[in-house]
Amino acid sequence: MAFYETVFIARQELSSSQVEALTEQFCTVLKDNGAKIHKTEQWGLRTLAYRIKKSRRGFYVLIESDAPAAALHEMERQMRLHEDVLRYMSIKEEELSTGPSVILDKDRDNRDDNRNDRDDNRNKNTKEAA
Amino acid sequence: MSAADVPTPKRPFFRRKKTCPFSGPKAKKIDWKDEKLLSHYISERGKMIPSRITAVSQKKQRELSQAIKRARYMALLPYVRLENDGFQKRQGRM
């Protein structure tokens, strides 16, 4: 068994309850093959950086699990076949995460005050100006 | 420390030595899901910024590059951003 985090993007046409059902479905696949689900996260409807299968937006879902490789392969196979899944990616982790992932942490910017003297800040400013 | 790093009054354009933003006690973790953090290390076009400009250490730059590539695959970051598309909407595609 190893720790994996899987993120998949579901089509924007789905309702959020359908996305949750989809998440549940993939979790069940993992569980049936002997995996433990550590956590799932709904990142909600986000704008994609580029179009995937003609979609501009998609629902992001993260599943973190402690799973045997066979379970993960089975889930990935089903994701590949599923038409509502635009894209998925599974990454092996050294250890399980604690707390929600950074993408959900909205007020993190306010704590970001120690990087004002950094040169990469300049790049950020030029980006905003453009 | 080489002689070039020591500030002297004769050199008006002294630059403080930059340190790697991901090393040290208060360093941030590189995570491919952290789209905001990674976006500081890509150019307007969407290309990665070389470590000689951002002062990221070699080891961390490799991690960073892996993270950026993962974020690109999951459409959190663009592979390429053209001049005519804004951040959210795109015009003149026909």
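This is a predicted model: local features need pLDDT of at least 70, side-chain atom pairs count only at pLDDT 80 or more; totals for chains, interfaces and linings use all residues.
I'm calling a residue buried if 20 or more other C-beta atoms lie within 10 Å of its own, with C-beta atoms placed from the backbone. On that count, 23% of the 130 residues of chain A come out as buried.

Chain A, overall. I counted 4 helices and 4 strands. Going along the sequence, I read the order as β-α-β-β-α-β-α-α. I also checked the contacts between residues at least 6 apart in sequence: 75% of these in chain A join residues at least 24 apart.

Chain A, helix pair. I looked at helix 1 (residues 16-32) against helix 2 (residues 69-81); their axes come within 8 Å and cross at roughly 150°. Angles over 145 degrees count as roughly antiparallel, so that is what I call helix 1 of chain A relative to helix 2 of chain A. The crossing of these two helices is right-handed. From helix 1 of chain A, the contact uses A:Phe26, A:Val29 and A:Leu30, and helix 2 of chain A answers with A:Ala71, A:Glu74, A:Met75, A:Gln78 and A:Met79.

Chain B, helix 3. I traced residues 58-73: 16 residues, 23 Å from first C-alpha to last, close to the 22 Å expected. For its buried residues I listed B:Gln61, B:Leu64, B:Ala67, B:Ile68, B:Ala71 and B:Arg72. What they pack against is helix 1 (35-39) and helix 2 (51-54) of chain B. After helix 3 of chain B comes B:Ala75, and I noted its positive phi, near 60°.

Note on methods
Residues are numbered from 1 along each chain as its sequence is written. Chains are lettered from A and ligands numbered from 1 in the order in which they are written. The expected span of a helix is 1.5 Å times one less than its number of residues. A residue is buried if 20 or more other C-beta atoms lie within 10 Å of its own, exposed if 12 or fewer, and partly exposed in between; C-beta atoms are placed from the backbone. Two residues are in contact if their C-beta atoms, placed from the backbone, lie within 7 Å. Axes are lines fitted to C-alpha atoms, for helices over the stretch in contact, and angles run from 0 to 180 degrees between N-to-C directions. Angles under 35 degrees count as roughly parallel, over 145 as roughly antiparallel, 65 to 115 as roughly perpendicular and the rest as oblique. A crossing is left-handed if the near helix is turned anticlockwise from the far one by less than a right angle, and right-handed if clockwise.
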